[in-house]
Amino acid sequence: MSETEEKRIKASELDPKFKYEIAKMHGGEKLMRCFQCGTCTSDCPVARFSETYRPRQIIRMAQLGLRERVLGSDTLWLCAACFTCTDRCPQDVEVASVIRVLRNLAAEKGYIPQVFKEQAASILESGYAYKIPELRIKKRETSGLPPLPKGNSESIRKSLECVGFLKFLESSGEKK
Amino acid sequence: MSGNKNKYLMFLGCAIPYRVSAYEISARKMLQKLGVELVEMPEFNCCGLPLDPVSHEMMLILAARNLALAEQKGLNIIALCPGCAGTLKKVNKMLKEDKALREEINKHLKEAGLEFKGTINAKHLMQVLIEDVGLERIKNSVVKPLTMLKVAEHNGCHILRPKEYIGFDDPEDPKTLKTLIEATGATCLDYMDETECCGAPSVGVSDKVALQLARDKLNHIKMVDAEAMITICPFCHIMYDTNELRIEKMFNETYGIPILHYPQLLGLAMGMSPEELAFNELRVDVSKILKKVVESEN
């Protein structure tokens, strides 16, 4: 298949319900206000150096209902969440939040970059997003720093029982 | 609401104890000298921001847990990391204003014996400095004005954006960090694209994009001959200090720009020694500017 054919949008790919699904989620409410002015892409620091990440394009694809293309795309994970697009959007779309909603939807389908699985597992275990090296913990005392507050693993787990994406952690845990 | 402007609950976050202790060491010393008392968090979990991309709900619960813990202590939170500060401020505002959301989140907190009531506030270090400590007290703490130094500031995104939730300074033309730098006697230079993101959140997803962003900033700072960059975020600091040598090699360039945490700069002006302020933990060589500071004493 040629590149043009791959890019071509087929009517059967469009899911008209997708935009309403996004608009129901917190931060995605104003998706349909976007009139494609391109302020987000032109001010995006990531788009400046990435050949693929274009927030305007992602928003348009979401409006059109290209569910699979958007949720399965690696570029979705490039947003640095600097919120420049959100602050400068003349239509108040909250672009970065729409991107976050799309990532949340992708995560529910199991599209989750490894780094997030590792951080979530670490938070459940210790409260901290990273595994703090023993040496650092010991060094605190000699540096005159107070002991590091501890995470209450059991309590954290209890309040996070409702979080759907955590079911994907079990499989990643085995791999490690 | 607790109105004590001299006593806070210290929220360290994850990145600082993980690898940016110079920021913590210098910030604690600086705050002590300014008469700000710090109480440690009784227990801790990540603010939730790193997990927002995969689960907004998880972020809300993690942030709300910390706010509920702080409420039990009856103290406002001071966070050194803009990511933590931004998240706690945002979630605090959301839960205070949206009753339905608060009830929903409280259902999950109840499982762990916690409740969000909305009785405290969270602030970033810089906000505490400018709003609660005040410029006057900061200026009065300076015993050795750093008039010999010309530096550039780097704010970090989450201390300013999104504007609607953060409500601090002007994201398009931020002035606070400049003002705080100038309070030390140092000159703060203007440069191109001052509010540009450091790229840290893209590390791990695309290191190439992240490092190009960091390089862009270093280029702009070099153009105005800044002798150091001043940060107030652990992630921005890692991005520039840890990666500067890597970027130099990768793009065949030379910067030699030291990256200082703001409390290290003010600490110097307060008369503290580089050892006290953990200058030895910085990766980029700082000897040139330290020599300048010492020599100017005569």
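The model is predicted, and local features are reported at pLDDT of at least 70, side-chain atom pairs count only at pLDDT 80 or more, and totals for chains, interfaces and linings use all residues. Residues are numbered from 1 along each chain as its sequence is written, and chains are lettered from A and ligands numbered from 1 in the order in which they are written.

Domain bounds were taken from an automatic or database domain assignment. For chain A, this assignment gives domain 1 (10-108) and domain 2 (114-175), with 30 Å between their centres, taken over C-alpha atoms. For chain B, domain 1 spans 7-125 and domain 2 spans 135-295. The C-alpha centres of these two domains of chain B lie 24 Å apart. Their contact (C-beta atoms, placed from the backbone, within 7 Å) takes 24 residues from domain 1 of chain B and 26 residues from domain 2 of chain B. On the side of domain 1 of chain B that touches domain 2 of chain B, two or more residues come from each of helix 1 (15-19), helix 2 and helix 4 (82-97) of chain B; helices (H or I, at least four residues) and strands (E, at least two) are DSSP runs, numbered from the N terminus. Helix 2 of chain B gives the most to this side, with nine residues. The composition of the side is 13 nonpolar, five polar and six charged residues, where Ala, Val, Leu, Ile, Met, Phe, Trp, Tyr, Cys and Pro count as nonpolar, Asp, Glu, Lys and Arg as charged, and the others, Gly among them, as polar.

One open sheet of chain B consists of four strands in the order 2-1-3-4, with parallel pairing; pairing requires at least two bridges found by DSSP between two strands. Strand 2 (37-40) and strand 4 of chain B are the edge strands, each pairing on one side only. Neighbouring strands of this sheet are turned by 40 degrees against each other on average, direction ignored. Within the sheet, three bridges join strand 1 of chain B to strand 3 of chain B in the parallel sense, and Phe11(B) has Ala79(B) in strand 3 of chain B as its bridge partner. Helix 4 of chain B packs on the sheet, where it touches strand 1, strand 3 and strand 4 of chain B, and its direction makes about 150 degrees with that of strand 4 of chain B. Axes are lines fitted to C-alpha atoms, for helices over the stretch in contact, and angles run from 0 to 180 degrees between N-to-C directions.

A further open sheet of four strands in chain B has the order 6-5-7-8, again with parallel pairing. Its edge strands are strand 6 and strand 8 (259-261) of chain B, each of which pairs on one side only, and the twist averages 40 degrees from one strand to the next. Strand 5 (residues 150-154) of chain B is mostly covered, with four of its five residues buried. A residue is buried if 20 or more other C-beta atoms lie within 10 Å of its own, exposed if 12 or fewer, and partly exposed in between, with C-beta atoms placed from the backbone. Strand 5 of chain B pairs over three bridges with strand 6 (residues 187-189) of chain B, where Ala152(B) stands opposite Leu189(B). Four bridges join strand 5 of chain B to strand 7 (residues 228-231) of chain B, and here Val151(B) stands opposite Ala228(B). Strand 7 of chain B is in turn joined to strand 8 of chain B by three bridges, with Ile259(B) as the bridge partner of Met229(B). Helix 13 (residues 262-269) of chain B lies across strand 7 and strand 8 of chain B, at about 75 degrees to strand 8 of chain B.

Helix 3 (residues 56-73) and helix 5 (residues 99-110) of chain B have axes that come within 10 Å and cross at roughly 75 degrees. Helix 3 of chain B is therefore roughly perpendicular to helix 5 of chain B (under 35 degrees counts as roughly parallel, over 145 as roughly antiparallel, 65 to 115 as roughly perpendicular and the rest as oblique). Leu60(B), Ile61(B), Ala64(B), Arg65(B) and Ala68(B) in helix 3 of chain B meet Ile105(B), His108(B) and Leu109(B) in helix 5 of chain B.

Definitions and conventions: Contact = placed C-beta atoms within 7 Å.
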